[in-house]
Protein chains: 2
Amino acid sequence: MRIELVTVGDELLHGTTVNTNAAAIGRRLVDAGFELAAHATVPDEPASLETHLRRAIARADVVITSGGLGPTVDDNTRDVLARIFGAEKRRTDKRVLAYLEKRYRRKPWKPVLDQARVPAGTTVILNKVGTAPGLIFKSKGKTAIALPGPPRELIPMLERVVAFLRAFSAGPGVFAGTTLRTAGIRESVLDATLREVFPDIPGLTYGLAADLLLVDIRLFARRRTEQAARRALAKAEKLLRAHFPDEIYATGAATLEQVVGALLLERKQTLALAESCTGGLLARLITDVPGSSDYFRGGLVAYSNEWKQMFLDVPAATLAKHGAVSRETALTMAVNVRRIGGADHGVAITGIAGPGGGTKAKPVGLVYIALADANGAACWEYNFPGEREMVRTLSARAALNHLRLALLDASPTTTDTTASD
Amino acid sequence: MRIELVTVGDELLHGTTVNTNAAAIGRRLVDAGFELAAHATVPDEPASLETHLRRAIARADVVITSGGLGPTVDDNTRDVLARIFGAEKRRTDKRVLAYLEKRYRRKPWKPVLDQARVPAGTTVILNKVGTAPGLIFKSKGKTAIALPGPPRELIPMLERVVAFLRAFSAGPGVFAGTTLRTAGIRESVLDATLREVFPDIPGLTYGLAADLLLVDIRLFARRRTEQAARRALAKAEKLLRAHFPDEIYATGAATLEQVVGALLLERKQTLALAESCTGGLLARLITDVPGSSDYFRGGLVAYSNEWKQMFLDVPAATLAKHGAVSRETALTMAVNVRRIGGADHGVAITGIAGPGGGTKAKPVGLVYIALADANGAACWEYNFPGEREMVRTLSARAALNHLRLALLDASPTTTDTTASD
């Protein structure tokens, strides 16, 4: 079964909106054992939209679309698909109408109520977040599944899409995939090691996706049954975990911050943060995780020297002698935020994110990361490459990874060590 | 001139990576007066990649590709394009080799040094961040511009791409676009107003792109000259600014946090933050802006009640009587972080982001946003829809917008008012 995705919208081609739907759909399909054969983004303009959709429908068994279902002037996907599938007659869908009338009781807006007039012969996927229902068009062995553009409306509908694909698909070849997530190994080193140790098994392949300190190893297996494919993946995972016991932090979609959160929860320990150059980025990552209030006490974004003194008791003499970006300041910040903030672990980051503020002695990218716990404190010095956003992201991720390793390690952080990228 | 984009990579189709390159390229082209006619994402596998690339090259005058240029096992774009363009012979590019040798002086890695062996007849775009150079293939009126996948390598190369397209393009029809960014109007209201007031001028069109409190109005004009297109856009902008004087916060790509930063800088005023449910998200947005240390004193992520008392002097009685999520706590946080943190403006956010923590009286989505300045303090109550990430993003953006309006407003924040979404 060949599945293609067509995302519709000038805002995607013009780059006003980043296309997160494509990734969300791709990931959900892979998890369910399906795979996108291709993805195209096409303009709203009806004639061009129709040409592109006809082409995709000719090639594929199932075409999933997102966008262009709304009530505004540039929404054309529904009408164009209705024309292609010869479903230009409309019927009123009672469930959709009831939902819209309830939602717009106070201020009914005619173009929105028109959303209940769906093309005859289509199956409706209810939209419980927004106004445009999803629509499944079918004719002559071809299927188009039209979904709305806003991610928070589209994502809940993907379960219905997967259920449809499962019912629709047949045949013995099953594709399954998994992802092993690593932190702290270079892509080139990982690639060289994988070429050496990874067994050459037909139908078992891997790929690497690197993103600032993190590299995902994506494993794929094609077998007669899903069970067989899963067994092949489990075997490969075991081999790789033996090679990279510290570096692989998760299987699947878990993030570094989720893994750190789970470790803190398991140990019934708490965390306090003191951030300078990352400006709240690390706190934001930690609190992205639902339930983080069970282990996260709070964070200080001490962006000015006054705040470092006032809230974190960093002595004026330390700042004067060593500077705000120094091993001494980082260690003081970590130790003090742990003590003052009443937490088991203190994490501090101070550095120069750029573009301004760098000197010859302390260039942009110089970052100190410190951890403190009941047994002592440790500090790492980094010289990160890249621009502001990259330095900030690398700093926050490196801090998370140091905390993860400290939580995993039987021996606590007792020494003051230096690392370098 | 028809331009198509092909982004290469299984990680994009499988959703392991969100495709931000497509948006970055689309935006840069629109700014330069060009437009992507379509965008496709295709697999790494060479045969499928070749089919897709041949198709795009047949349709378009210029095909831009991203990804698949690296030295690892799944990088095939360079070889496939070389085959399509009959450029299979290689030459050593001396500038690329010198750059790679300098960069890998300490640890030369053969597959990387091979990047200097470029297909004969191609023009090189130097990559000053990573290892894979960009390549321009040309034959029989067709052009392919191959760029590397990592955004921080690709984005600096876009200037060379735009310069190439400018030299390549000819003819009288010029397309120009601009974006007016609004905060705080519903997309449906904006659409209805635009349908009513926007003049029906041939060649002048608009589209809306909504994203959590923010709606972008994208205006496009096609005229004989770029000057004429720009004049038409300026006229339309003037009309819309007259209708939405408070809501339009920027023309172009400026973000809400950049606009707020510029206003603070202009007024030589400073800012301190006290965040609860947003957990550092607002501080992170503020410090995303280079130079924010000139006006940002710091932020407190007071995630626990203890931290609210310890660092922000919120009385235990206030927390006991009204709760951490209340108008009283929000106002105290804003007033105190301003005073203790030594800033001109204090901003506080406290709310229930979910999924846990909601009650019948205080449901998920209930958020209080407070501002304090020399003249007093004000608080707004919101009941935001959606899940954790949406509530947090809406809260941070609403706070930024309130601060922007307070900074713009001649009359300061003296009253305690209530808003509702």
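**View 1. The largest nonpolar core of the predicted model has 158 residues.** A nonpolar core is a set of buried Ala, Val, Leu, Ile, Met, Phe, Trp, Tyr and Cys residues joined through C-beta atoms within 7 Å. Buried means 20 or more other C-beta atoms within 10 Å of a residue's own, with C-beta atoms placed from the backbone. Those with the most contacts inside this core are A:Ala334, A:Ile369, A:Ala370, B:Ala334, B:Ile369 and B:Ala370. A second, separate core has 98 residues, including A:Ile57, B:Leu12, B:Val96 and B:Ile145. This is a predicted model: local features need pLDDT of at least 70, side-chain atom pairs count only at pLDDT 80 or more, and totals for chains, interfaces and linings use all residues. Residues are numbered from 1 along each chain as its sequence is written, while chains are lettered from A and ligands numbered from 1 in the order in which they are written.

**View 2. Surroundings of B:Ala334.** Neighbours within four places in sequence are left aside. Contacts (C-beta atoms, placed from the backbone, within 7 Å) include B:Ala274, B:Gly346, B:Val347 and B:Ala348. B:Ala370, B:Leu371, B:Ala372 and B:Ala377 also touch B:Ala334.

**View 3. Domain 2 of chain A against domain 3 of chain A.** Domain 2 spans 174–251 and domain 3 spans 256–408; the bounds come from an automatic or database domain assignment. Their centres, taken over C-alpha atoms, are 31 Å apart. Eight residues of domain 2 are in contact with ten of domain 3. The domain 2 side divides into six nonpolar, one polar and one charged. Here Ala, Val, Leu, Ile, Met, Phe, Trp, Tyr, Cys and Pro count as nonpolar, Asp, Glu, Lys and Arg as charged, and the others, Gly among them, as polar.

Terms used:
A residue is buried if 20 or more other C-beta atoms lie within 10 Å of its own, exposed if 12 or fewer, and partly exposed in between; C-beta atoms are placed from the backbone. Two residues are in contact if their C-beta atoms, placed from the backbone, lie within 7 Å.
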